[in-house]
Amino acid sequence: MTALFSIRDLGMRFGGLLALDRFAMDVAPGSIHALIGPNGAGKSTVFNCVSRFCTPFAGDIVFDGRSLLAEPPHRIVRLGIARTFQNVELLDRMTVLENVLVGLTSHVPRYIDFLPGARRIAAERHAVRQAEETLDALGLLDWRHATAGTLDFGRQKVLDLARALASRPRLLLLDEPAAGLRNREIHQLDRLLVDLARQRGITIILVEHVMQLVMSVADRVTVLNFGHRITEGPPEAVRGHPAVVEAYLGRDAHA
Amino acid sequence: MLLSPLLAWVVPEYLLYIGNVLMMDAMLALGLDVLLGWSGQFAFAHIAFFGIGIYGTALLDMRAGVPFLLGMPLSALLAAAIGFVIALAAIRLRDVYLALATFAFALSMQWLIRTWDSLTGGPDGLRIAAPALFGIVVGTDRRAFVPMAMLLASMLAAMLHLTRSVLGRSLAAIRDSEHAAAASGIDVRRSKIAAFTISAFCAGVAGGSYTLFGSFIHPDDLGIWQLVQVLTMIVVGGSGSIGGVLLGVGLIGVLPELLRLAPAQWLVWQELAYGLILMLTVMFLPLGLRSVLRRNLRTTVPPRTRRGTPTMEHTAP
Amino acid sequence: MTWLGNVGTHLLACVAACALALPAMAAEPGVTDNEIVIGMFAPLSGPLIAYGIQPVNAARMIYDDVNAHGGIAGRRVRVVVEDDKCTGSSLVAAIKKLVTIDHVFLLHGGSCTAALAAAREFVTREHVPLVMLNAAGDSLVFPPQREFFGSFQSTQRVYGAALAEFAAGPLKAKRVAVIVHDDDYGKSNLASVTATTERLGGKVVAVERIPPSITDVTAPLLNIRAARPDVIISGAYPAPAVLIAQKYAEYRMTATPLLQSTQGIPTPSVFAKNVGDDTALVNFYHTWAFNDIAEPAVHDRWYGMYRAAHPEDPDPGGFMVTGIPSALAIVATLRRLGCDVTRDGFVAAMDGLDLQTDLMAAPLRFGPDRHDALRGVRVVRFDGRTQTVQPGVYSWNGQDGN
Amino acid sequence: MLMLKLLQAAASGVVTGCIYAMIALSVVIIYKATEIVNFAGGELVMVGAWLGLLLVGYFGLPRPVMLLAVPVVLFVLGAAFDRLALGRIARRRPSRRLEHATLVVATIGLSNLLKGAVRGIPYTQEVRRLPPLIGGAPIFVGDVVLERQDLAIVALAAVVMLALWAFFRYTLPGKALRATSQNARAAALVGIPVAGMRMSVWGLAASLSGLAGVMLAPKLLLTPDMGDVVTLAFAAAIIGGFTSLPGCVVGGAILGIMQNLVGTFIAPQAIAVTPFFVIMLVLLLRPQGLFGDTVGVRRV
């Protein structure tokens, strides 16, 4: 198995706090890889390092044979990595359609503003069509002119995902996509993730607290606590791991 | 626009002056809004760029014989260039530090103008010679009105273009969430620098336009209080929208003139009233008065019938 | 009561004459059969209201008094007041409104020279006479401009020259230290102190230009102390003036006389209270363009008049009187014009003004090449409690520092 | 002579620096707890000073009563501002980025409001002064003159700084405030009343400003515009790192001395621009200042 994406001995510090300590994981292409652990374990920090919002003091992040640490944040999506956010980072004052258009930024040539009128309009139309396709696929097309901030929470989460998907990523980082959703919605999310991975071949890293979802969709699970990797393996193996039960499942299983 | 030549001949000069000032303020506010309303950065340097526009245009004309049509763009470019350099240095700072650094920059620029006597006239102020446009000497409110209207119209057109551009969308995205913008492939740093530079350029143009009807400038006119006035206009009207900014400029710009109708002993409380207006607006109308006007025009409620096959369904929580 | 004139005797003759002159005058803005409109402007809001509100009230009191005594040649004076905030843009708006909407006959106002300068081109173009209220800067009257009349409580040139002359004369000082602000007031104050001192054989040994916002005057006073002057001349504003006096006492420099221009000491008793230490004022002098300190009768008359006219403001500050001389000059000139009131005539008559009042230290005089009214001021010694007016009037010769 | 000049400039600079530090402390504790730069910081000082003068000079209250009353009134003022204005803004959040600019604008609004309110009172048209709490003849150390009230100001700044430092470090409410400022969400989770905390920080900062006003009024002189001195407090805070309490005092002293040295050895005209240059230089070269615990630079 050659990994599409691997994290090698990552170390990250906030002030005096060691957030990640020689953390490593490998993600196989086309797989759904879950990253679990209690609050404050460092899961979002991993994502933020991949997004290049923070810089680790040690280790490396490699995607498709290429180190990400040399790249600025906005280049990450151009390489094929898109992400959603734990608390939903929407562009609140923009419309739903505009949110998805922003997600398409990496596919729009940078000099577009300087193109002559007709060609610019054609390019813009093309972008709008692509955005609408994405919205349609996720069932948000009817809201395309609504202001994103006015959507209900569930739809905001879908929109966050739509924005990420619009960039046609090869690797998708999902930060707690199921948080705050109802059972029925979680079930639909389950189907969607499997669909994305199996049909469209998108590799997914999933940070999630909802174990029902993790156990159902993940091909592999990495468990993280206090910045350490506790264990890694297929869901069934991880479920029974004593450290996991103690550190994590024991508390969250009731949720 | 078509009416403006006509207006310029029949209206008393006082009203024309107010009109010219409002148009200049509109350019100033539109420029500041590129920074504040679009990209969400809070900076005080704008008033300094305005000053560079005024002093640059006037001094180029008077000392070097550079005509307005060349001198004004040159000064605006100078403002933009300085803005670009400041942006390079300051954009990496957190919000508050950006505000403080530009606050210090604006005040030191005012100090420089006051102290550099030999160039700027220093504390005596600078008399501005009336510039000529195509051989016609302007310099009065009547003659400046049409050129001012044309300048403002071009800036509005440019702003409209900007709102529809990818850069405009990127700035709006940065304003709402820097993280989402960066994760979507927007070069946040580059866009912010662009916004800062464009904003400085607009302030330079606004400053240059002042020389069309203003005959005197003093360093005292370039203080933080003047910037707060512009800020009030944007906040009250509604930041992040051209219509909102124009609305705010109209309301706040006309307010002191309307107050001339009030009894003289009320005037002392003006400053308090401005503070109150500013606070009440941010408290109750965070999107400005524009949001009140638009509430009935545009609905954000989703339609009842939906088409397409939803992959995920949601009901309101 | 020179300025009130002999109202009764002139009245009838004038009314008759005016009736004849009427057709020719109909075109003059702001003047009708029974009314002359004067447009006033001053800071009525913002940081400098101290220079606006009470002086405007004082000027209005003069006009009200004229009206109460039958007006000028049968015409009442009507005043329109606008706020100029002491900023250029607000002042220009005020003036343009007064001229093009209210159609006033003349403009009377301005407390801030820098703001007033913004109105120069408009006023000159429209040929509206502008009589300055109490602006004490020089830029609009040096060189003189046809429409602008000012310096009714003198300007920085006069304060500077008077103090330099006083230093060289009674104080016999050879080495002069100057502390002024880094603005237009400071610039002309310094120029005239320097020129006058040098003319009188002295030497300026230290020049400290300080920002008005200064919070610690240690540095300038250390520099001055090191220069060992015979006298210190200050053109500072009220707050820095207090800081200077305090630090000067703290550094035991009180053997050297401290001479302060008017603008730093609006009300002497408040100043003394602010300094808080009368030992700082054993050798302290200031300039004052008015006679109300020297002559209690003069003080009582004008302050009494003010309290009667403005019962809502029973305790006016020391700058109240600065609104009076310009109004007196306007009234006197309008009286000389009689019924033939035109702007050109007013400018010509102002050019011939020579008005002796009980209030001012020297006569108010204009000429075709002189548009600064007052060139002589008094020097007052102030020990924290009593003010002792020094003998003589100290004058500027019209040249030093030009 | 040169040495004496240097020493006197330094001594006096330390005193003025402590004035800046007192105001900076108030600005910094608000920033630490809420990440807002309080542009009304100077006006709170101004209101405190005028209130003190009103109580002592007009109502003739004894000084200890005034010293107690001013901080109390200012506490209410600050807390009310947070509760009525900032709290409301923070609750309705059109977007996170906009909110920040809006909160700053609200403090600018407060600054104009307070200034305008004081200006409306005719008595304030003239410069006034509150007599110093401690009088007496100056003390000579060699040839350097030290005023007693100046020494009191230095001592007070040190005491206030230490008291605040101890408060944040050792007391329960202080620790809760620190937790709130570091992570409001986590603080709320462990049961700290975040809104109440913010409100009390504003109250505390305002009463500190009021106290500073009363102490500093003998030196700064009272005008409705005296709040402009907040610029110097910003500079002092930035030198110190903007989040550090000892940094305020050290930064203030450095700035005060620097201003006097510039005034003595370069030109008094340059005194006014010194703080602006200091702000720009520090932010350019070392945004975290001398003692800043958070780095002022972001990656995005």
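## Interface between chains B and D

In this predicted model, about 4700 Å² of area is buried between chain B and chain D, and carbon and sulfur atoms give 70% of that area. The interface brings 51 residues of chain B into contact with 51 residues of chain D. Of the 5 pairs of chains that touch, chains B and D have the most contacts. Chain A and chain C, by contrast, do not touch, and their nearest C-alpha atoms are 36 Å apart.

Polar pairing across the interface of chains B and D is as follows. The rule finds 3 residue pairs in polar contact, both residues being at pLDDT 80 or more, and the count of salt bridges between the two chains is 1. On the side of chain B that touches chain D, two or more residues come from each of helix H5 (95-115), helix H8 (166-176), helix H9 (178-183), helix H10 (188-213), helix H11 (224-237) and helix H13 (270-284) of chain B. H5(B) gives the most to this side, with 12 residues. By residue class, the side of chain B that touches chain D comprises 34 nonpolar, 9 polar and 8 charged residues.

Glu271(B) and Arg119(D) form a salt bridge whose closest N and O atoms are 2.9 Å apart. Because Glu271(B) belongs to helix H13 of chain B and Arg119(D) to helix H4 (residues 96-119) of chain D, the pair joins two chains.

Pro224(D) is placed in the loop between helix H8 (194-220) and helix H9 (230-240) of chain D, and with a relative accessibility of 6% it counts as buried. Pro224(D) and Ile121(D) are separated by 103 residues in sequence, while their C-alpha atoms are 9.8 Å apart in space.

## Other salt bridges

Over all chains, the count comes to 44 salt bridges. One of them pairs Asp187(B) with Arg190(B), the closest N and O atoms being 3.4 Å apart. Asp187(B) counts as buried at 15% relative accessibility, whereas Arg190(B) counts as partly exposed at 47%.

In chain C, the side chains of Lys85(C) and Asp83(C) meet in a salt bridge at 3.8 Å, N to O. Lys85(C) is partly exposed, with a relative accessible area of 21%, while Asp83(C), at 3% relative accessibility, counts as buried. Elsewhere, salt bridges that share partners join Glu257(B), Arg260(B), Glu82(C), Lys97(C) and Asp102(C) into one network.

## Aromatic pairs

The structure holds 31 aromatic pairs over all chains. One of these is the edge-to-face pair of Phe44(B) and Phe103(B), with 5.1 Å from centre to centre and 75° between the planes. Phe44(B) lies in the loop between helix H2 (13-38) and helix H3 (46-64) of chain B and Phe103(B) in helix H5 of chain B, so this pair ties together parts that are 59 residues apart in sequence. Phe44(B) is buried at a relative accessible area of 2%, and Phe103(B) counts as buried at 6%. Ring pairs also link Phe44(B) and Phe103(B) with Phe42(B), Phe39(D) and Phe234(D) in a cluster.

In chain C, the ring centres of Phe142(C) and Trp396(C) are 5.1 Å apart and their planes stand at 80°, so this pair is edge-to-face. The pair links distant parts of the chain, 254 residues apart: Phe142(C) is in the loop between strand S5 (130-132) and strand S6 (148-149) of chain C, and Trp396(C) is in the segment after strand S16 (394-395) of chain C. Both Phe142(C) and Trp396(C) are buried.

## A buried glutamine in chain C

Gln153(C) occupies the loop between S6 and helix H6 (156-168) of chain C. With a relative accessible area of 7%, Gln153(C) is buried. Which backbone oxygen does the side chain of Gln153(C) reach? That of Asn134(C), at 2.9 Å. Not counting residues up to four places away in sequence, Gln153(C) touches Asn134(C), Tyr159(C), Ala289(C), Phe290(C), Thr322(C), Met360(C) and Leu374(C).

Technical notes: Residues are numbered from 1 along each chain as its sequence is written. Chains are lettered from A and ligands numbered from 1 in the order in which they are written. Side-chain values use heavy atoms; hydrogens and water are left out. Contact means heavy atoms within 4.5 Å. Buried area is the accessible area (1.4 Å probe) that two parts lose on being put together, summed over both. A salt bridge is a side-chain nitrogen of Lys or Arg within 4 Å of a carboxyl oxygen of Asp or Glu. A polar contact is a pair of N or O atoms within 3.5 Å; within protein, one must be able to donate a hydrogen and the other to accept it, and residues adjacent in sequence count only if both atoms are side-chain atoms. Helices (H or I, at least four residues) and strands (E, at least two) are DSSP runs, numbered from the N terminus. Ala, Val, Leu, Ile, Met, Phe, Trp, Tyr, Cys and Pro count as nonpolar, Asp, Glu, Lys and Arg as charged, and the others, Gly among them, as polar. Rings of Phe, Tyr and Trp (its six-membered ring) pair if their centres lie within 6.5 Å; planes under 30 degrees apart count as stacked, over 60 as edge-to-face and the rest as tilted. Buried means under 20% relative accessible area, exposed over 50%, partly exposed in between (1.4 Å probe, protein chains only).
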